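Colleague: Please take a close look at one part of this model, the cavity. What surrounds it?

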Amino acid sequence: MPLWEQKVKPMLAFTSAPFDDPKWIFEIKFDGTRCIAYVDKENRTQRFLNRRMVFFQHRYPELDISRDLECKRAILDGEIVVFANGRPDFHKLAERDHVEEKTRVELLSKIMVATYVVFDILYKDGKDLVHLALEERKQILQKTISESTRTLLSVHVKSQGKKFFQHLKQQKLEGIVAKKLGSVYEQKRSRDWLKIKALKRLDGIIVGYTTGTGKRGKFLGSLITASHYKGRLRHIGKVGTGFTDEEISRLLEKLDKLKTNRPPWEESVDLALPPGRKPVWVKPQLVCEVEFMQLTEDLVMRAPVYIRLRDDKMAEECELEADLA
């Protein structure tokens, strides 16, 4: 089956520390939503596929990428980003990622305009390109996309990963992605791509929440999170900060539909709940991004802060990686 007719799984990266190597290139890691874009210039249509294999182009009507395409058809890989003052703003992106009502979508498309940052091309006018070397795909991409306010090409540097990482860290950006020259595009997590983050972050599975105290009352005090580690689901901590009132309401609406009577693990887990708080268990289906200082020896996050809900990621993908553990 031609690639155009398939749901392409995005190539994913393992984590790494900064390094220098002449056989690698280094790109900015944008804080956005991963997007495989199927663009048909002839018919002026496009489809956006996220990591959960769900099409979501209806949320970004302003991204008419077909106008920037210098061929008939292409499959692109990139990140949808909402910029504010020249920097990615994941709070605004998160708001857009969860809107379904058409009128609201249209409004946000005008006041929180998105940009598609393209870093790879997988298909062009009937030809699958996934088996070509990275640098060949980059050359084809340069000839295929005309940059505009809608579409940007990801820039990269060669060899100097440490210097590039330090520069972006000073700019308080999320980090960089290292990609090995000569590598093909694999529809899985690969050692040929490495993500190097300035801040420690992970994607945790929400397995429950605790009732709140004070102004949160009986609602949500903290999220109970877990991750897959060595073949089983493991508790990695409670996340009780980083929420707006609006986000708490949205989370509770989703979590209430997933309530269950049992925790997801057989062993006893000490949640260290203060008096007055109780756990409410949910089916392990939702994923949230969390920022934290470090993991304890028991693999529990220190000082975790909620960043956003990851509708684009499945719970099965959440593995506690070696560099964090």
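**The largest cavity**

The largest cavity has a volume of about 470 Å³. This is a predicted model, in which local features need pLDDT of at least 70 and side-chain atom pairs count only at pLDDT 80 or more, while totals for chains, interfaces and linings use all residues. Residues are numbered from 1 along each chain as its sequence is written, and side-chain values use heavy atoms, with hydrogens and water left out.

A cavity here is a set of points, on a 1 Å grid over the protein atoms alone, where a 1.4 Å probe fits but cannot get out. Grid points are joined across faces, edges and corners, and the volume is the space filled by probe spheres set on the points. The structure holds one cavity of 30 Å³ or more.

The lining of the largest cavity consists of 27 residues, each with an atom within 4 Å of a point. Nearest the centre of the cavity lie Lys29, Arg34, Arg51, Glu79 and Val177. By type, the lining has 17 charged residues, eight nonpolar and two polar. Asp, Glu, Lys and Arg count as charged; Ala, Val, Leu, Ile, Met, Phe, Trp, Tyr, Cys and Pro as nonpolar; and the others, Gly among them, as polar.

S12 gives the largest share, four residues.

Key
1 Å grid on protein atoms, 1.4 Å probe; cavity = no way out; pocket = protein on both sides within 12 Å on 5 of 7 lines; lining within 4 Å. Helix = DSSP H or I, 4+ residues; strand = E, 2+ residues; numbered from the N terminus.
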